Structure formats: C-alpha cells, structure tokens
Amino acid sequence: MYNKERVAAIIAAAGSSERMHGVDKIFAHLGNRPVLARAVFPFECAEVVDRIIVVLSPDNLAAGEALSDSEKWGKVTDIIPGGERRQDSVQQALDRLADDDIKWVIIHDGARPLVRVEQIEDGMTAVQATGAAVCAVPVTDTIKLAGENSFIQETPDRSHLWNAQTPQIFRYDLIRRAYDAASGTVTDDSILVERLGVPVKLYKGSPANVKITTPESLAAAEIIVRRHAE
Ligand SMILES: Nc1ccn([C@@H]2O[C@H](COP(=O)(O)OP(=O)(O)OP(=O)(O)O)[C@@H](O)[C@H]2O)c(=O)n1
Ligand SMILES: C[C@](O)(CO)[C@H](O)COP(=O)(O)O
C-alpha cells in the first residue's frame, strides 16, 4: 500500500512587529481578515499539507486559539509560543514535530498573507531534487554592495540576484541537521542549509507575496487584495 509522505507547515508568527510602530501586524486586518488568517488559509487548502503548527508570541496565544475557532482551522494541530528570534520560533516548531513521521517541512512567515496554494505546490515539486527549495523573485532594482561610509564597493550582476521569500521547504531530517548546527543569528532558514553545503533550489514566487514589515507594506498589500477582489 502507498503511504503518502507526511508534510507539515510551520507558520512563524511570533515576531514583535517593531517596524509597524505599535500595530501588531499578525492580527492587523487586511481586506477585513486578519493577516494570520490569510497566511494560514492557503496551507489549509493545499492538499499536500497534512499538519500545521502556528507559532505566536506568548501574549497572542489566546487570540490565536480564538482565530483557530472562528476560521475553523482543521489542520492546525498546535499553536505554540515562539522564541526571541525568528529562528528560535522555528526551532520550537521543529522540536514539536520530532515524534511525528514528517518527511517535508514548509516554513512560512505569518507576515506573508498573500501566499498562494500554487506557490506551496510549486515548492513541493522543486524540493524533490535536493531536499531544499526557496520561493523567491528575481530582483528588479540594481543592488549596490556598500563599503565603508556607504560608498559603493560593488554592483553585483543583477541577473544572479533574487529576493528570498517564504515558503521555504526542506526535508525534515535536513532542516533538523541544519538547525542543530546553527550558530549566530540568521535571517532565513535556507542559510542554515546552505552552510551544510547542500544545494538549495530557488523557485519563482510572486512579487505579490509581500512580507508585511512596515505600515507602507500593509498599505501595498491592501491594494493587492482590493485588486484581486475586483
Ligand atoms: N521571534 C520571532 C521573530 C519573527 N517571527 C516571525 O517571522 C516572520 C518574519 O519576521 P519579521 O517580519 O521580521 O517580523 P517581526 O520580528 O515581527 O518584525 P520586526 O523586526 O519589525 O519586529 C514574521 O511572520 C514574524 O512573526 C517569529 O516567528 N518569531
Ligand atoms: C524569511 C524572510 O521572510 C525571507 O525574506 C526574511 O528574511 C525575514 O526577515 P525579517 O528580518 O525577519 O523580516
């Protein structure tokens, strides 16, 4: 009999929204729905996903349980407290998966509410090759590498530069190994896998898969949501 490989999604949503100047972006409303509800929904819809862990700041756990009830999340098995840094929050969720027979882990920012099912599915296809895949978009600005006193040191060839987003998808044993070897603070999960020397595949996401970071990015997401509703 064919046993489906189990897939877990981790929604990292335990940040402090400092750059939002007083607004908790995870529960901010975007087109009348909380950002977190929008971030979780595509994972509820994606057939490939078996189980979802939502990581929240300790102060938001009750609000998370209430949202789970009102949104009728069927796949969310755990709503857990996160840690100080994003990587600490992801680590908590990886630990929670230790006693499950999980083959693939999809890590997604709770602050990216406009991810689509298609980007989850495309990632699951891309990850089969090496065990690690990152949703990303080619950069559209020219990027400058700054040296001392903000003088330009180098202008890298743009055709090789991508903006990394989430979902970032990994074989569970690989991401565990990468996190076990982690040192210092990193800004995404794939860095830790790259350090193991394992090739990580970039697959094309969408510029619409914005991360709510500042009030301006929330306003930009509002425009995208409104345009999709038209
Ligand atoms: N300790 C942390 C920090 C961040 N995140 C999550 O990781 C994602 C990306 O982080 P970021 O956008 O930097 O969120 P914040 O840390 O909330 O933002 P800020 O740096 O402005 O406080 C977000 O969904 C955030 O909730 C997390 O789960 N745990
Ligand atoms: C993981 C991430 O969303 C990929 O772009 C990003 O690096 C998170 O960075 P932040 O500083 O925690 O917002």
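Modeller: A polar contact is a pair of N or O atoms within 3.5 Å; inside the protein, one must be able to donate a hydrogen and the other to accept it, and sequence-adjacent residues count only if both atoms are side-chain atoms. The model is predicted, with pLDDT of at least 70 required for local features and 80 or more for side-chain atom pairs, while totals for chains, interfaces and linings use all residues. Residues are numbered from 1 along each chain as written, chains are lettered from A and ligands numbered from 1 in written order, and side-chain values use heavy atoms, without hydrogens and water.

Colleague: Which polar backbone atom is 2.9 Å from an oxygen atom of ligand 1?

Modeller: That backbone atom belongs to S16. From a side chain, K25 places a polar atom 2.8 Å from a ligand 1 oxygen. On its own, ligand 1 has 560 Å² of accessible area, of which the protein covers 88% (Shrake-Rupley method, 1.4 Å probe).

Colleague: Which residues come nearest to ligand 1?

Modeller: A residue is near a molecule if one of its heavy atoms lies within 4 Å of it. Of the 19 residues around ligand 1, those that come nearest are A12, S17, E18, R19 and S89. Both β1 (6-13) and α3 (86-96) supply at least two shell residues each; these elements are DSSP runs numbered from the N terminus, helices being H or I with at least four residues and strands E with at least two. By class, the shell of ligand 1 has five nonpolar, six polar and eight charged residues, with Asp, Glu, Lys and Arg counted as charged, and Gly among the polar.

Colleague: What surrounds ligand 2?

Modeller: The shell consists of R19, R86, D109, R112, A164, T166, T187, D188 and K211. In class terms, six of these are charged, two polar and one nonpolar.

Colleague: How many Å separate the polar side-chain atom of K211 from an oxygen atom of ligand 2?

Modeller: For K211 the distance is 2.4 Å. The corresponding side-chain distance is 2.9 Å for R112 and 3.3 Å for R19. The protein covers 75% of the 360 Å² of accessible area that ligand 2 has on its own.

Colleague: How are strands shown to pair, and which strand does β6 pair with?

Modeller: Two strands pair if DSSP finds at least two bridges between them. Strand β6 (residues 102-109) pairs with β10 (residues 162-171) in the antiparallel sense over four bridges, and I106 has I169 of β10 as its bridge partner. Strand β7 (residues 132-138) is also antiparallel to β10, joined by six bridges; here P138 is partnered by W162.

Colleague: Where is the cis peptide bond?

Modeller: The cis bond joins T166 and P167, with omega about 10°. P167 belongs to strand β10, while T166 is one of the residues around ligand 2.

Colleague: Which residue has a positive phi although it is not a glycine?

Modeller: H21 does, at about 50°. H21 is located in the loop between β1 and β2 (29-30).
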